[in-house]
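Dear colleague,

Please find below the structure that I am handing over to you. My notes on what was found in it follow directly after.

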Amino acid sequence: MSLKLDEHFLCTYFPTMLDRNAGTWFKTLRPGSIYHFGQLKYLFLTNFMQLRKYKGDSHSIIGCKQKEGESVREYFTRFTNATLDVPSHDEGLIAGAFTWGLLPDPLSQKLMGKKP
């Protein structure tokens, strides 16, 4: 089967961009077993998919709560990191979730306002 020029280029130079685990994986492929770049791409992605970083959602933000003994600064840092994993989020949700996740203390009561 003949490859298009673009596919031939991709199949030829793709391996040169791989290092460590990816390079080792590529060398385990049987010669002549790949017929087009789409097939190579599929095999690569399915092999390394588990290494992809998890993208959170609004539940991961809402579920982030201050732990016993954790300072507000530590909680803020952990909460901020959790929001970075969420591709798009509402600023109102972020502010509400942060406040809701605080342990009861004078700061959280001040942020939430007076209790009804």
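Helix α2 (residues 20-27) packs against helix α3 (residues 37-48) at an angle of about 125 degrees, and their axes lie 12 Å apart. Axes here are lines fitted to C-alpha atoms, for helices over the stretch in contact, with angles from 0 to 180 degrees between N-to-C directions. The two helices, α2 and α3, are therefore oblique to each other; angles under 35 degrees count as roughly parallel, over 145 as roughly antiparallel, 65 to 115 as roughly perpendicular, and the rest as oblique. On the α2 side the contact (heavy atoms within 4.5 Å) involves N21, A22, W25 and F26, and on the α3 side L40, L43, F44, N47 and F48. By class, the contact of α2 with α3 has 7 nonpolar, 2 polar and no charged residues. Ala, Val, Leu, Ile, Met, Phe, Trp, Tyr, Cys and Pro count as nonpolar, Asp, Glu, Lys and Arg as charged, and the others, Gly among them, as polar.

The model is predicted: local features need pLDDT of at least 70 and side-chain atom pairs pLDDT 80 or more, while totals for chains, interfaces and linings use all residues. Residues are numbered from 1 along each chain as its sequence is written, and side-chain values use heavy atoms, with hydrogens and water left out.

A second pair is formed by helix α5 (residues 72-84) and helix α6 (residues 91-101), whose axes come within 11 Å and cross at roughly 145 degrees. The crossing of α5 and α6 is right-handed. Y75, F76, F79 and T83 of α5 meet I94, A97, F98 and G101 of α6. This contact of α5 with α6 comprises 6 nonpolar, 2 polar and no charged residues.

As for the whole protein, it has 7 helices and 0 strands (DSSP runs of H or I with at least four residues, and of E with at least two, numbered from the N terminus). Of its 116 residues, 23% count as buried (under 20% relative accessible area; exposed is over 50%, partly exposed in between, with a 1.4 Å probe and protein chains only).

The structure holds 1 salt bridge, a side-chain nitrogen of Lys or Arg within 4 Å of a carboxyl oxygen of Asp or Glu. E70 and R78 form this bridge, at 2.9 Å from N to O. E70 is buried at 14% relative accessibility, whereas R78 is partly exposed at 25%.

Yours sincerely

Methods. Left-handed = near helix turned anticlockwise from the far one by under 90°.
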